[in-house]
Amino acid sequence: MHKIRIAFLPLIIALVVIAPQPRASRAEAVKERAGRAAGEIVVKLKQGALAPSSNEASPEPPGYGEGRRMLALARSMGERAAHAHARSAEPLVSGATDRDMAAIISRRGLDRVFVLRFEAGADIDSAIAELKASPEVEYAEPNYKVVPGSVTPNDPEFELQWGLQNRGQGVGGFNSTRNADIKATEAWGVTTGSPGVVVAITDTGLDRTHPDLANNVFTNTLEVPDNGIDDDRNGYVDDVHGFNLALGNGDTRDVLGHGTQMAGIIAAEMNNGAGISGIAQCKILPVVFFKKTGPFAEEVEATVVDASRALIYSIAAGAAVINASWRTLLPVDEVTPAEANMLRDAVAATNDAGVLLVCISGNEGYDNDFSKVYPGNYQMFNQIVVAASDYNDQIIRGFPFSFVSGIGQRTVHLAAPGANVVTTAARGDCLLCSDSEDPADWYTQVNGTSASAAFVSGVAALVKSKYPDDGAILIKRRILESVDVGPQLGPYVSTSGRLNAVAALNIQITVSSPVFTKFQYKKGSGKLFVFGEGLQSGLAVLVGGKSYTTKVKSGKLLASVPSSMFPPGTPVEIRLRNPDGGTSQALTLTR
């Protein structure tokens, strides 16, 4: 029997699970307003934004590029609004060399998003309000912080992975229910995964030398290690085994231990005579966006800007699935759409790319139908939001666990194991790391919706392995329509069910492709009316790859599409997509 290390978790506000309530109180929401990067503003300029006068913008040297002009404009506008000098200003993303990636960035206007940083004392709230009032600004908002989903290490009494196969054994001193698991062993009779499937772990890093992970870490064969050159010209230097967005280099070592825990659940190596088995034998891509902020092991930090860059990198690197076992510190009970724009744009880019994004419901007991826990609450077609269930197929609502799973009959899709989950522990100097030289100590048990999301990401990798042509919507359908339904789960998740790997692999789904016959576009109002047959409620209109929701007006289906999506003289393809994933043929509009 392996020994499993007990990691001590000190009292850190960002990571400790506090007294649970079904919904966040107003006091808690106000408290969370402190969860923003001090002195930082995220601003997105409107397309074609111009300085109000030549005297107000920074001088532009000859040959000044469009990106640099927009950056200078954003900086000058921010300084006017803040009445303070910006100590730095930078774009959210640099130019992409890949044509498809560049198109996604441009469609979502991510190349018009900038981060402004001011010295202490600048009135950030007033500056944001003034920027919002500018006709040149699409939105301005604080740079909110992001925290990993809390994972509470326990004192393990055994190494059995009940979430993969539950035989009714005792778990942590409590009885369990036989078959309250994801049926992994049966699923492995269908497929154990494919090295051609990449799961991006957007997190705190990865111990890529761990003997149970090393062989399943993604390798970018186009990049030469440690030569300081962007060999594959993708905009990231030395990203051989993923990338560290916080440091801007290829150092993907785990700064907290959380990412390594997620990696073990998803893709620990099978049949290697060591440790545990992950759900899928796929490739895991570490995308680090948390950084160390002090000398102590628990001092790590990230913001929505960092998280957005991680999502963008994951798309560019070719991930089919993105595991997002983290949440923002936006004030969950008071947040409005105007406070969560920038991360929404990045999540929308993952949707445009057809990448599945797996999100947590949180460990604070929020009802996500009312309290906005991001990024899950964007509720885009490519997102799955996961609650945590225990070894008796019950949603975790406190005792004997030190956390309360987020729920939501409309906004949380399914449950997955999130209690006493055995996984890998990073080695090194970090909060959840092991400093032991005994390989039996390089494992731990964890609780939390982070683990639950990793279970879903692992199953998604199995599904993608069997159905390589499936995009995010079809993978999501296979997972959600194949759950093990239980009446005890009905009040908490929309499917009333818990993840079932073998059923997700074997379910037969039907896809109804709409027939797109004609459209009408009114440039002045941006109204695009679409007509056809087999159009389902919730139909989306895809314009140049960007998705727009539809509504019914006067018996017609209408999407609001800005005229900027139809540049004069340029043919633009329009498609229709039903909620079941069926997509129409393309019609072309040339203005």
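A residue counts as buried under 20% relative accessible area, as exposed over 50%, and as partly exposed in between (1.4 Å probe, protein chains only). The model is predicted, so local features need pLDDT of at least 70 and side-chain atom pairs count only at pLDDT 80 or more, while totals for chains, interfaces and linings use all residues. Residues are numbered from 1 along each chain as its sequence is written, and side-chain values use heavy atoms, with hydrogens and water left out.

Lys44 lies in strand S1, residues 36-45 (strands are DSSP runs of E, at least two residues, numbered from the N terminus). Lys44 counts as buried because its relative accessibility is 3%. Leaving aside residues up to four places away in sequence, Lys44 touches Arg108, Gly109, Arg112, Val113, Val137, Glu138, Tyr139 and Asp345; contact means heavy atoms within 4.5 Å.

Lys522 is found in strand S19 and, at 45% relative accessibility, counts as partly exposed.

Asp226 sits in the loop between strand S5 (198-203) and strand S6 (243-244), and Asn420 in the loop between S14 and strand S15 (421-424).

| Residue | Phi | Relative accessibility |
|---|---|---|
| Asp226 | about 55 degrees | 73%, exposed |
| Asn420 | about 50 degrees | 8%, buried |

Cis peptide bonds join Tyr374 to Pro375, with omega about 15 degrees, and Phe399 to Pro400, with omega about 10 degrees. Pro375 is in the loop between strand S12 (356-360) and strand S13 (383-389); Pro400 is in the loop between S13 and strand S14 (414-417).

Conventions:
Helix = DSSP H or I, 4+ residues; strand = E, 2+ residues; numbered from the N terminus.
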